[in-house]
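Have a look along with me.

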Amino acid sequence: MENLELQEKILNLGKLFVTELKLEPGVDTFSRWMAHYLAEKISIAEQSKGIEKKTAEKDCFDVILKLWEHRHTLPSGKRPFESFEPILDTLSKLSPEKED
């Protein structure tokens, strides 16, 4: 019974990540899979202790970075902060440290 509850918790957390990342509706199966994989890794980290916990937390960190890297390379309209890119480009050009 406890295993079933854990699996349900992981599934619900994965669904929450999918919702928060606005992956539904869509065709980004890889990101949805990674969201659920991250949920599983987080559950493992929560249940671990000592060195195993640190390793599990590092795994979570690595999965998060891979997920965001994948999301950043997606086509237009899917990247977080995409609407801010023109502003950031302009600020970069106005930097007093630039010689141009």
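**Entry 1: the whole chain**

Among contacts in the protein chain between residues at least 6 apart in sequence, what percentage join residues at least 24 apart? I found 46%, with contact meaning heavy atoms within 4.5 Å.

Before going on, I noted that this is a predicted model, where local features need pLDDT of at least 70 and side-chain atom pairs count only at pLDDT 80 or more, while totals for chains, interfaces and linings use all residues. Residues are numbered from 1 along each chain as its sequence is written, and side-chain values use heavy atoms, with hydrogens and water left out.

I looked up the secondary structure next and got four helices and zero strands, in the order α-α-α-α along the sequence. Helices (H or I, at least four residues) and strands (E, at least two) are DSSP runs, numbered from the N terminus. Of the 100 residues in the protein chain, 25% are buried. I use buried for under 20% relative accessible area, exposed for over 50% and partly exposed for in between (1.4 Å probe, protein chains only).

**Entry 2: H1 against H2**

Two packed helices are described by the angle between their axes and the distance between the axes. I looked up both for helix H1 (residues 2–20) and helix H2 (residues 29–47): their axes come within 8 Å and cross at roughly 135 degrees. Axes here are lines fitted to C-alpha atoms, for helices over the stretch in contact, and angles run from 0 to 180 degrees between N-to-C directions. H1 and H2 are therefore oblique to each other; angles under 35 degrees count as roughly parallel, over 145 as roughly antiparallel, 65 to 115 as roughly perpendicular and the rest as oblique.

Who makes the contact? I listed Leu6, Lys9, Ile10, Leu11, Leu13, Gly14, Lys15, Phe17 and Val18 from H1, and Arg32, Ala35, His36, Leu38, Ala39, Glu40, Ile42, Ser43, Glu46 and Gln47 from H2. I sorted these into 10 nonpolar, four polar and five charged. Ala, Val, Leu, Ile, Met, Phe, Trp, Tyr, Cys and Pro count as nonpolar, Asp, Glu, Lys and Arg as charged, and the others, Gly among them, as polar.

I then picked Leu6 in helix H1. Leu6 is partly exposed at 24% relative accessible area, and beyond its neighbours within four places in sequence it is in contact with Ser43 and Gln47. From Leu6 to Glu40, 34 residues along the chain, I read 9.3 Å between C-alpha atoms.

**Entry 3: H2 and what follows**

H2 has 19 residues and reaches 28 Å from its first C-alpha to its last, close to the 27 Å expected at 1.5 Å a residue; the expected span is 1.5 Å times one less than the number of residues. Its buried residues include Met34, Leu38 and Lys41.

Is Lys41 buried or exposed? Lys41 is buried, at 18% relative accessible area. Not counting residues up to four places away in sequence, Lys41 touches Asp59, Cys60 and Val63.

Lys58 sits in helix H3 (residues 50–72) and is partly exposed at 48%. Lys58 and Lys41 are 17 residues apart in sequence and 9.7 Å apart in space, C-alpha to C-alpha.

Last, I checked Ser48, in the loop between H2 and H3. Ser48 counts as buried at 14% relative accessibility, and it contacts Lys53 and Ala56, leaving aside neighbours within four places in sequence.
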